Amino acid sequence: MRLNTTLRVGASLVLLAGIGGVVALRAVAASPAPVPAAPSAVKTVPGMPPVVDARNLYSETAANRFSPAVKDDLARIYVPNLRSNDVYVIDPASMKVVDKFKVGQAPQHVVPSWDLRTLWVANNAERSNNGSLTPIDPRSGKPGKAIPVDDPYNLYFTPDGKSAIVVAEAKHRLDFRVPQTMALQYSIDVPQCGGINHADFSIDGRYALFTCEFEGSVAKIDMVNRSVIGYLKLRMPPTRFKDSPVPDGPGASEICSSKKGMPQDIRSAPDGKHFYIADMEADGVHVVDGDAFKEVGFIATGLGAHGLYPSRDGKQLYVANRGTHKIHGGRHGRGGVTVIDFASEKVVAQWKVPGGGSPDMGNVSADGKFLWLSGRFDDVVYRFDTANGEVAQIKVGQEPHGLTVWPQPGRYSVGHTGNLR
């Protein structure tokens, strides 16, 4: 038996052939032509991959849109434990720790390289000169030999892939290095950015904003001319949440007496027009116009706003609230996750950790169904169901911090715990 269908697109006749020949000839309406993707109007810096959709710079990190570079990589969650100086490896399918290994002193974040071929553990060796970067091969899940570098609190990559940026927090400095060998290329001093730590880049790659945790401000860095453009002091809200074990609702807020914030993670809006900056002291997210370099809004989220992660469809922003204003908090705090709608900049959901917790850093699963976060003061990892906020927990090492989910969709990484584009 042979059954063929012949369709002339755009015409009004369809010829159907079946057993014994022609069986029907009928008029149909022409199918509409597919709507092409929005052309990018973004002129990027030389060498940077093009922005496919100017309305959504996260378009290429949609669910399961993997680069061929990661096809042989293991599906794992890599958890750096700050106080036990090790990395725990979780199999997300079995929800079990399947490996662990020692790394350098005080591992802060696990960072995918620009080319997606290496995961770097940033061991900043707090208050010492023993900082290092430990490479992990994502195909085997095993670590390689550490490379000594100064104070790597965090690690980013220029959007053109030409440099790794080691964020030397204690030294108020950005060290630009060869991405594969970490040999020093040049440095940019950022003297007025105490506690420089987290960053994101403009949609065209021409500048970056780095948060200054101990100054309550943001530094703007010219990536083309390799210079500091300026600093922006962030405004504190009139009220915030009480840092005490009180229930949410009346009596849970207080007058904000803090004179400056404690900005943490920062992420660009999908269209690149705004940056969102989590602030542990302000208990919410500052909204900053990056081009104009001015604050244009504030969104209250929860106690100790800390980590920021866009959903796989680029429509929502997940905010991890660590549950305290303190750098070193207690167990079972008032931590949780706030979900913000990018388009309206409104809170659309609040997810609590049953029994209390301390959600910190992490990322979204490749299929977008789960948000994985370290439980900083509870020595666990949380897996939030993004459909309903339900939480599962896995015990890990001492003081887990910037975990990464791997592999992730996307063409290249600009750093941190998997800021892919």
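Modeller: A disulfide is a pair of cysteine sulfur atoms within 2.5 Å, and by this rule the count here comes to one. The structure is a predicted model, in which local features need pLDDT of at least 70 and side-chain atom pairs count only at pLDDT 80 or more, while totals for chains, interfaces and linings use all residues. Residues are numbered from 1 along each chain as its sequence is written, and side-chain values use heavy atoms, with hydrogens and water left out.

Biologist: Which residues does the disulfide join, and what is the handedness of the link?

Modeller: Cys 193 is joined to Cys 212, with 2.0 Å from S to S, and the angle of -105° about the S-S bond makes the link left-handed. Strands are DSSP runs (E, at least two residues), numbered from the N terminus. Cys 193 lies in the loop between strand 15 and strand 16 (196-201), whereas Cys 212 belongs to strand 17 (residues 207-212), so the pair ties together parts that are 19 residues apart in sequence.

Biologist: Are Cys 193 and Cys 212 buried or exposed?

Modeller: Buried means under 20% relative accessible area, exposed over 50%, and partly exposed in between, with a 1.4 Å probe and protein chains only. Cys 193 is buried at 0% relative accessibility, and Cys 212 is buried at 0% as well. Another cysteine, Cys 256, is also buried, with a relative accessible area of 12%.

Biologist: How many aromatic pairs does a search of the whole structure find?

Modeller: A pair of aromatic rings is described by the distance of the centres and the angle of the planes. Rings of Phe, Tyr and Trp (its six-membered ring) pair if their centres lie within 6.5 Å, and planes under 30 degrees apart count as stacked, over 60 as edge-to-face and the rest as tilted. The search finds eight such pairs. One of them is stacked, with Phe 176 and Tyr 186 at 4.5 Å centre to centre and 10° between the planes. This pair links Phe 176 in strand 14 (residues 173-177) with Tyr 186 in strand 15 (residues 184-189), ten residues apart, and Phe 176 is buried at 1% relative accessibility.

A second stacked pair is formed by Trp 351 and Phe 384, with 6.2 Å between centres and 20° between the planes. Here the partners lie 33 residues apart, Trp 351 in strand 29 (residues 346-352) and Phe 384 in strand 32 (residues 380-385).

Biologist: Which charged end sits over the ring of Tyr 186?

Modeller: The test asks that NZ of Lys or CZ of Arg be within 6 Å of the ring centre and within 35 degrees of the ring normal. Over the ring of Tyr 186 sits the charged end of Arg 226, 3.9 Å from the ring centre, and the charged end of Arg 383 sits over the ring of Phe 370, 4.0 Å from its centre.

Biologist: Which residues lie closest to the centre of the second largest pocket?

Modeller: A pocket, on a 1 Å grid over the protein atoms alone, is an open set of points where a 1.4 Å probe fits, with protein on both sides within 12 Å along at least five of seven lines; lining residues have an atom within 4 Å of a point. The second largest pocket holds about 300 Å³ of space. Of its 16 lining residues, the closest to its centre are Asp 160, Lys 162, Tyr 186, Met 223 and Val 224.

Conventions:
Helices (H or I, at least four residues) and strands (E, at least two) are DSSP runs, numbered from the N terminus. Grid points are joined across faces, edges and corners, and a volume is the space filled by probe spheres set on the points.
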